[in-house]
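Dear colleague,

I am passing on the structure we spoke about, with the sequence alongside. Please keep both open while you read the notes that follow.

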Amino acid sequence: MTLPFELVAQGKVREVYAVDDDRLLLVASDRISAYDVVLPTPVPDKGRVLTALSVWWFEQLAPVLAEHGAEHHLLATGDALLAEGVPAELAGRSMLVRRLEMLPVECVARGYLSGSGTHLYQRSGAIVDVALPAGLVEGSRLPEPVFTPSTKAEVGEHDEAIGFAQVVDAVGAERAEALRALTLALYRRGAEIAEDAGIVLADTKFEFGTADGTLVLGDEVLTPDSSRFWPAITWSPGAPQPSFDKQYVRDWLTTSGWDRVSPAPELPEAVVAATRERYVTAYEKLTGRSWS
Ligand SMILES: CCOC(=O)Cn1cc(-c2ncnc(N)c2C#N)cn1
């Protein structure tokens, strides 16, 4: 599909286009990645569901942003984009956003110990400069949510966990404090809403920018692609937790014998359908809205 806009960033499952000097278009694809590999089989509606979820979260989080003197970058989505020249088949999985001066920090909030956080903790009892109590295991709930920022890695590289001092070096002390406070406040509100929906929001990554000196929440927000969603019902510390949305894919890939190095195999139709259903279910449980 050719868009009448310049491609400015390409991620594993998303693209960013320049609409004009002040606005960008974030386009979510139906691609799914597992074990850091983009799989060859798309999941129908994944892009549209995760876009609708982000849009809903921007609405839910607007009061928290306002409390912190911040805003978000969303301008429009869906049919409103047709007038901007966005093709109909992309409109539902695109967000028109304000162009920001993006800050060079991945703002990660963790309410639970998982993934790279567990690895760092097992090595040093902390996540960089964030000390944690002894005796935690993969999946443990943390006493309090913590801010564990990282650098924005180049495409294909892994983000590197950094300490608060490095955030200060990058954006200044006042802005660093604001990022930490806002990241944790947004995470707490998201985790609270997710808990009511039977979903553990284990961690999430926010990206912020500035516009005319104001802090602005960018990127996608609180989706299963930017966060770890676990079914609350199966939460059991001591082992990797089942992913709310990707577990069918992970399990099938494991049974398929894929070596994780050679090109990933096509997913069976049943796994694609079940995975699509997980995205729709996450949307409906969180928003209380019917996907249809
Ligand atoms: C392909 C995936 O890459 C990204 O989303 C990272 N990225 C964010 C921007 C951005 N730049 C200015 N203003 C914004 N509002 C945004 C946003 N969101 C560019 N790349």
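The largest cavity in this predicted model is lined by 18 residues, and those that lie nearest its centre are Arg14, Ala28, Leu50, Thr51 and Glu220. About 140 Å³ of space lies inside this largest cavity, and a search of the whole structure finds one cavity of 30 Å³ or more. Strand 2 (14-20), strand 3 (23-28), helix 1 and strand 8 (94-98) each supply at least two residues of the lining, with helix 1 giving the most, namely five residues. Sorted by class, the lining of the largest cavity has six nonpolar, six polar and six charged residues.

Helix 1, which spans residues 46-67, also meets helix 5, residues 173-196, and the axes of these two helices come within 10 Å and cross at roughly 130 degrees. An angle over 145 degrees would count as roughly antiparallel and one of 65 to 115 degrees as roughly perpendicular, and helix 1 and helix 5 are therefore oblique to each other. The crossing in which helix 1 passes helix 5 is right-handed. On the side of helix 1 the contact is made by Trp56, Trp57, Gln60, Leu61, Val64 and Leu65, while helix 5 brings Leu182, Ala185, Leu186, Arg189, Gly190 and Ile193. The residues of this contact between helix 1 and helix 5 divide into nine nonpolar, two polar and one charged.

With best wishes

Note on methods: Residues are numbered from 1 along each chain as its sequence is written. This is a predicted model: local features need pLDDT of at least 70, side-chain atom pairs count only at pLDDT 80 or more; totals for chains, interfaces and linings use all residues. Side-chain values use heavy atoms; hydrogens and water are left out. Axes are lines fitted to C-alpha atoms, for helices over the stretch in contact, and angles run from 0 to 180 degrees between N-to-C directions. Helices (H or I, at least four residues) and strands (E, at least two) are DSSP runs, numbered from the N terminus. Angles under 35 degrees count as roughly parallel, over 145 as roughly antiparallel, 65 to 115 as roughly perpendicular and the rest as oblique. A crossing is left-handed if the near helix is turned anticlockwise from the far one by less than a right angle, and right-handed if clockwise. Contact means heavy atoms within 4.5 Å. Ala, Val, Leu, Ile, Met, Phe, Trp, Tyr, Cys and Pro count as nonpolar, Asp, Glu, Lys and Arg as charged, and the others, Gly among them, as polar. On a 1 Å grid over the protein atoms alone, a cavity is a set of points where a 1.4 Å probe fits but cannot get out, and a pocket is an open set with protein on both sides within 12 Å along at least five of seven lines; lining residues have an atom within 4 Å of a point. Grid points are joined across faces, edges and corners, and a volume is the space filled by probe spheres set on the points.
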